[in-house]
Amino acid sequence: NSGAVTVSNAISVGSSLSVNSGSTIAVNAAISGTGAASISLDGTGATTLAANITTEGDAITISDNVILAANTVTLDTTANANPAGANVIITGTVNADDSTVALQDRTLTITAGTSGDITFGGSVGTGVNGQLADLDVTGEFINLNGAAINVDDDNAAATTATFTGAV
């Protein structure tokens with residue numbers, strides 16, 4: 001697809017899902033992979049996440065910059081009792097849509113399980129007004145690749161970053 005892609009209704013897939021866009025991707029409703037279903041989002045603008053993405057032990061890959069547009073966004077590869085999980089890769093930056101707006105306390109939780117690695121290809125929360133209120137990352141290995149992490153939303157009641165796994 002060469003245009004923008006928007007997920008407006010929840011999607012549950014039983015085989016791998018790859019969304020390719022020559023523009024932006026907006027995830028406004030949950031995407032769930034069941035069975036052997038990995039999820040791959042590949043855009044050239046930015047991928048806006050306003051809903052969760054989950055799999056049952058298969059990878060989640062976002063080959064784009066990510067903008068968080070909901071207070072709580074979760075990327076989880078351990079759904080339905082799959083504690084081993086799988087890799088979660090974000091190749092670009094991760095930012096809140098606008099941390100200066102009251103009650104927009106954007107948080108990101110990534111769970112890759114006991115065997116899944118998490119890789120950030122760019123910085124987190126360092127864009128203009130892109131600070132996150134909270135970042136919780138759990139995986140076997142967490143690869144920051146030199147990324148700067150800024151969890152400092154002035155409007156949030158509390159700001160924390162938690163890494164569970166080898167960083």
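Modeller: Happy to go through this predicted model with you. One term to begin with: contact means heavy atoms within 4.5 Å.

Colleague: Thanks! With that in hand, which residues does L75 touch, not counting residues up to four places away in sequence?

Modeller: Leaving out those sequence neighbours, L75 touches residues that include L49, I53, V88 and L108.

Colleague: Which residues touch the most other members of the largest nonpolar core?

Modeller: That core holds 36 residues. Strand β16 gives the most to this core, with 3 residues. Those that touch the most other members are L49, L75, L108 and F120.

Colleague: Why is strand β11 described as largely enclosed by the rest of the structure?

Modeller: Strand β11 covers residues 72-76. Buried means under 20% relative accessible area. The strand is largely enclosed because the number of its 5 residues that are buried is 4.

Colleague: Which residue in β14 is the bridge partner of D76?

Modeller: β11 pairs with strand β14, residues 107-111, in the parallel sense over 5 bridges. β11 also pairs in the parallel sense with strand β8, over 2 bridges, and there I53 has L75 as its bridge partner. On the β14 side, the partner of D76 is T111.

How values were computed:
Residues are numbered from 1 along each chain as its sequence is written. This is a predicted model: local features need pLDDT of at least 70, side-chain atom pairs count only at pLDDT 80 or more; totals for chains, interfaces and linings use all residues. Side-chain values use heavy atoms; hydrogens and water are left out. Buried means under 20% relative accessible area, exposed over 50%, partly exposed in between (1.4 Å probe, protein chains only). Two strands pair if DSSP finds at least two bridges between them. A nonpolar core is a set of buried Ala, Val, Leu, Ile, Met, Phe, Trp, Tyr and Cys residues joined through side-chain atoms within 4.5 Å.
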